[in-house]
Amino acid sequence: DTERNSVPDGHDTTRLVLVRHGETDWNRDSRIQGWAPSSLTDRGREQARALGTHLSDTYDFDRLLASDLRRTRETTALLRDEGIQPEPTFDRTWRERDFGVYQGLTKTEVFDEYPQFSAETGVSAVRETPENGESLLDARERVLAGWEQLVTDTDGETALVVTHGGPL
């Protein structure tokens, strides 16, 4: 309704609601997922349903965007089952960082065995590119470009973005 999507003085405002996908086995085990096709756990599905109920009771969304990876697709479907209305647009822009050959390793394994990716090594870590992956800087630029496009496209709308911890 109009009142929920307006500021007190009656001028429409843009609302952007950003959410992270539900829990996966790899999240629980502190494994780096990157672009791996991991599924939600039962707990992750419960989280998505509860969030969908809350969001559908709170907002009337004009737009729904999501990463095109399996865990965000599953989360998006569950949100929609709970009343989120817009048809989703799935987009690579909202993906997690591609960690290449290191996907599946724990964060401890990666950052202990490959310290060039650790923030403790300094600013050079943001430029370091995993084999068959992308640098943190490249992932940042990809997400920021998507953010700028989203802000431009959603003037006066309420949009929901289902993404990952990295882009958030």
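**Rings and arginines in a predicted model**

Let me start with R73. R73 sits over the face of F90, 4.1 Å from the ring centre. By "over" I mean NZ of Lys or CZ of Arg within 6 Å of the ring centre and within 35 degrees of the ring normal. R95 does likewise with W35, at 4.3 Å from the ring centre.

A word on the basis. This is a predicted model, where local features need pLDDT of at least 70 and side-chain atom pairs count only at pLDDT 80 or more, while totals for chains, interfaces and linings use all residues. Numbering runs from 1 along each chain as its sequence is written, and side-chain values use heavy atoms, with hydrogens and water left out.

Back to R95. Its backbone oxygen lies 2.9 Å from a polar side-chain atom of R142. R142 belongs to helix α5, residues 136-153. Helices here are DSSP runs (H or I, at least four residues), numbered from the N terminus. Buried or exposed? R142 counts as buried, at 19% relative accessibility. The cut-offs: buried is under 20% relative accessible area, exposed over 50%, partly exposed in between, with a 1.4 Å probe and protein chains only. R142 also touches W35, R92 and E134, among others; contact means heavy atoms within 4.5 Å.

Now ring on ring. Rings of Phe, Tyr and Trp (its six-membered ring) pair if their centres lie within 6.5 Å; planes under 30 degrees apart are stacked, over 60 edge-to-face, the rest tilted. That rule gives five aromatic pairs. One of them is Y59 with F61, tilted, 5.5 Å between centres and 45° between planes. Y59 is partly exposed at 22%. F61 is buried at 10%. Finally, F99, Y102, Y114 and F117 make one aromatic cluster.

Terms used. Helix = DSSP H or I, 4+ residues; strand = E, 2+ residues; numbered from the N terminus. Polar contact = N/O pair within 3.5 Å; in protein donor to acceptor, adjacent residues only side chain to side chain. Lists of a residue's contacts leave out its neighbours within four places in sequence.
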